[in-house]
Amino acid sequence: MITVYVPRDTTACALGADAVAEAISAEAAKRNIELNLVRNGSRGLFWLETLVEVTTDKGRMAFGPVNATDVSTLFDAGFLEGEDGDLALGLTEDIPYLKNQQRVNFVRAGITDPLSVDDYKAHGGYAGLTRALAMQPQAIVDEVKESGLRGRGGAAFPAGIKWQTVHDTPPQQKYIVCNADEGDSGTFADRLLMEADPLQLIEGMTIAGLAVGATQGYIYLRSEYPKAHDVLKTALANAYAAGYLGDNIAGSGKHFDLEVRLGAGAYICGEETSLLDSLEGKRGMVRSKPPLPAIVGLFGQPTVINNVLTLASVSSIFEKGAAHYKDLGVGRSTGTLPMQLAGNIKRGGIVELAFGSSLRSLLEDFGGGTLSGKAIKAVQVGGPLGAYLPESALDISLDYESFAAAKAMLGHGGVVVFDDSADMLEQARFAMEFCVVESCGKCTPCRVGSTRGVEVIDKIREGKQLDDNLILLEDLCETMEYGSLCAMGGLTPFPVRSAIKHFPEDFGG
Amino acid sequence: MTPAFDKAAIDDIINQHKNLPGALLPILHDIQHTAGYVPAETVPAIATALSLSRAEVHGVISFYHHFHSEPMGKHTVQICRAEACQAVGARELEQHATSKLATQLGNTTADGAVSLEPVYCLGNCACGPSVQIGDEVHARVTPERFDTLISALEAK
């Protein structure tokens, strides 16, 4: 029987994938054709969504972007036999955007049925866990250290060091917490991974549990991702049913339970200590560090807290070995980083590459320039707290050290492109406004500084005492940067200062 | 006057979750899912079940943008205000939406049909501007497409 794949991903559905799936089923019934319709995750080539795939003798053939109204024409043109038509893209694997990537985290994305444990195992899944089950906890931690894996949430802290600290605390109830509160604008890698390959995350968390002696894990998922929530819940139930979670993991006698919990629309809960407070059922207020969450974390117990991609990477590190992972990337930035092309970009989507390629190549070779066709004015990398880079700075290498040297941050790999119609004063004002809305309110520089920041930028916009107010804004940025308790207030000056520095003409300069 | 929510259903939710570690958010999510908002009248029962003060429960409800203490409109329409959507026209869409619906972000239309809410990122950043209606995300929402989506709601 012919298998047809239609993604169930949020973006694909936002572009009509559900209607396409219904139309394909209806058209097949009308023509008395039996077919097996699989709702896969997305390949992450969002500009081609809805991307429909058909299995043929040659491999999986892609068609896109497909609308529900195209379906009967596709049948007429013989798409089930993989025949060429207006929307035919050839073999999916040969699409250059996909072919030129180095996929580790997203190697299965869009290929498998995200809910199927069998499908996951048939594509290399759970090989890592099987290996880890035969290892001593310290050996597991050592392998993560050896891989050089650094936190993918933004701060890039070495994951192995965090794990070692939790491992070394005396035996007691410990926790593994996954930070799936992906609130940065321009980022969707966590969402795509959870919707397309959730078992990879579940496997990675299970290995983390074995490493540090934790028997309970939580995935803290933002409430803005209802589809990811549905997929995760079903994938967890299937992993339990297959014996990969619970009190006898894969027959080993080892124990790990995992649960998904929903956030409630607070950006600050992406900050790890505030996330822990939220999981405990409190307001998501930032905690002072020390103590580190690795020692006093969730419910006061030792806790590993890592981002989705960090924990998911653990699965492939254990499947293929630390050396394989370490060989990708440059310097201390080992492995791959899934970059997310967003905003005013012609070909938006996930581009997973080893660290070290250039931002310009990413934007031009993969992204194809702006959607509007106008010139690029600014690119914000690393979410709402990331710096705005001007066109002249786009040759920067995509690794943590190069970005730090340029007073920018790679963060979670989100890239938001603005064309020349952008007003950078408005973008700077928005950075402050966003901080007003999302500050947890615990420290003054963030809570009050952001409000004053909006007011000062408004005065600059009106041209009132321009020079004095620019100095005042710089003072305020300095206070926020050095005086704030966490990255929310501490990094809000990044987009503001970079906008002023690189685009003085938008600030009356 | 009888309350606009089913008290027995709320009690069930509280009893079902109260022994979970960190039970408050799961309880609030389920109450809002059932009643459409978190009625102030439910706060004392939640507080008692979890051994918290009413102030603590209220503090949590008011901290999170997702929870509402007042009834919402028949439909909730969220417009993404974040940078990736701004880069493809979200500011213009926001202006269009507020003038079309004659309300502000965070308010409900006079006829109670639509609550217009801001949201900061729906993870659809490659294909903005993004709008979420109920649980459905819509991509590349131009002002014209917004009008079509609203007309479809009015027909419901």
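# A guided tour of chains A and B

Begin by selecting strand 4 (residues 59-63) and strand 5 of chain A, which run antiparallel and are joined by three bridges. Within this pair, A:Phe63 has A:Ala88 of strand 5 of chain A as its bridge partner. The model on the screen is a predicted one.

**The five-stranded sheet of chain A**

In chain A, five strands in the order 2-1-3-4-5 make up an open sheet with mixed pairing. Its edges are strand 2 (35-38) and strand 5 (88-91) of chain A; each has a single partner strand, so one side of each lacks a neighbour in the sheet. From one strand to the next, the twist averages 25°.

**The domains of chain A**

Next, colour chain A by domain. The division gives domain 1 (2-99), domain 2 (126-326), domain 3 (329-419) and domain 4 (424-507). The centres of domain 1 and domain 2 of chain A, taken over C-alpha atoms, are separated by 34 Å. Where these domains touch, five residues of domain 1 of chain A are in contact with six residues of domain 2 of chain A. The side of domain 1 of chain A that touches domain 2 of chain A consists, by class, of four polar residues and one charged residue, with no nonpolar ones.

Select strand 6 (residues 175-180) and strand 7 (residues 216-221) of chain A. These two strands run parallel and are joined by six bridges. One pair to display is A:Tyr175 with its bridge partner in strand 7 of chain A, A:Gln216.

Widening the view brings in the rest of the sheet. Four strands of chain A, in the order 8-7-6-9, form an open sheet with parallel pairing. Strand 8 and strand 9 (303-307) of chain A are the edge strands, each pairing on one side only. On average, and with direction ignored, neighbouring strands of this sheet are turned by 20° against each other.

Then show helix 11 (residues 226-241) of chain A. Helix 11 lies across strand 7 and strand 8 of chain A, and runs at about 165° to strand 8 of chain A.

**A helix pair in chain A**

Move on to helix 19 (residues 466-483) and helix 21 (residues 493-502) of chain A. Their axes come within 10 Å and cross at roughly 150°. Helix 19 and helix 21 of chain A are therefore roughly antiparallel to each other. The crossing of helix 19 of chain A past helix 21 of chain A is left-handed.

Which residues make the contact? Helix 19 of chain A provides A:Cys477, A:Met480 and A:Glu481, while helix 21 of chain A provides A:Pro493, A:Val496 and A:Arg497. The residues of this contact between helix 19 and helix 21 of chain A comprise four nonpolar, no polar and two charged.

**The contact between the chains**

Now display both chains together. Chain A gives 47 residues to the contact and chain B gives 33 residues. On the side of chain A that touches chain B, the elements giving two or more residues are helix 1 (10-14), strand 8 (257-262), helix 12 (272-279), strand 12 (336-343) and strand 16 (414-419) of chain A. This side of chain A has 22 nonpolar, 17 polar and eight charged residues.

**Chain B**

Chain B contains seven helices and five strands, and from the N terminus on its elements run α-α-α-α-β-α-α-β-β-β-β-α. Chain B is divided into domain 1 (7-63) and domain 2 (75-155), and 29 Å separate the centres of these two domains of chain B, taken over C-alpha atoms.

Helix 1 of chain B passes helix 2 of chain B in a right-handed crossing. To inspect the contact, show B:Ala9, B:Ile10, B:Ile13, B:Ile14 and B:His17 of helix 1 of chain B, together with B:Pro26, B:Ile27, B:Asp30, B:Ile31 and B:Thr34 of helix 2 of chain B. Seven of the residues in this contact of helix 1 with helix 2 of chain B are nonpolar, two are polar and one is charged.

How values were computed: Residues numbered from 1 in each chain as written. Chains lettered and ligands numbered in written order. Predicted model: local features only at pLDDT ≥ 70, side-chain atom pairs only at ≥ 80, totals over all residues. Axes fitted to C-alpha atoms, helices over the stretch in contact; angles between N-to-C directions. Parallel < 35°, antiparallel > 145°, perpendicular 65-115°, else oblique. Left-handed = near helix turned anticlockwise from the far one by under 90°. Contact = placed C-beta atoms within 7 Å. Nonpolar A, V, L, I, M, F, W, Y, C, P; charged D, E, K, R; others polar. Domains from an automatic or database assignment. Pairing = 2+ DSSP bridges.
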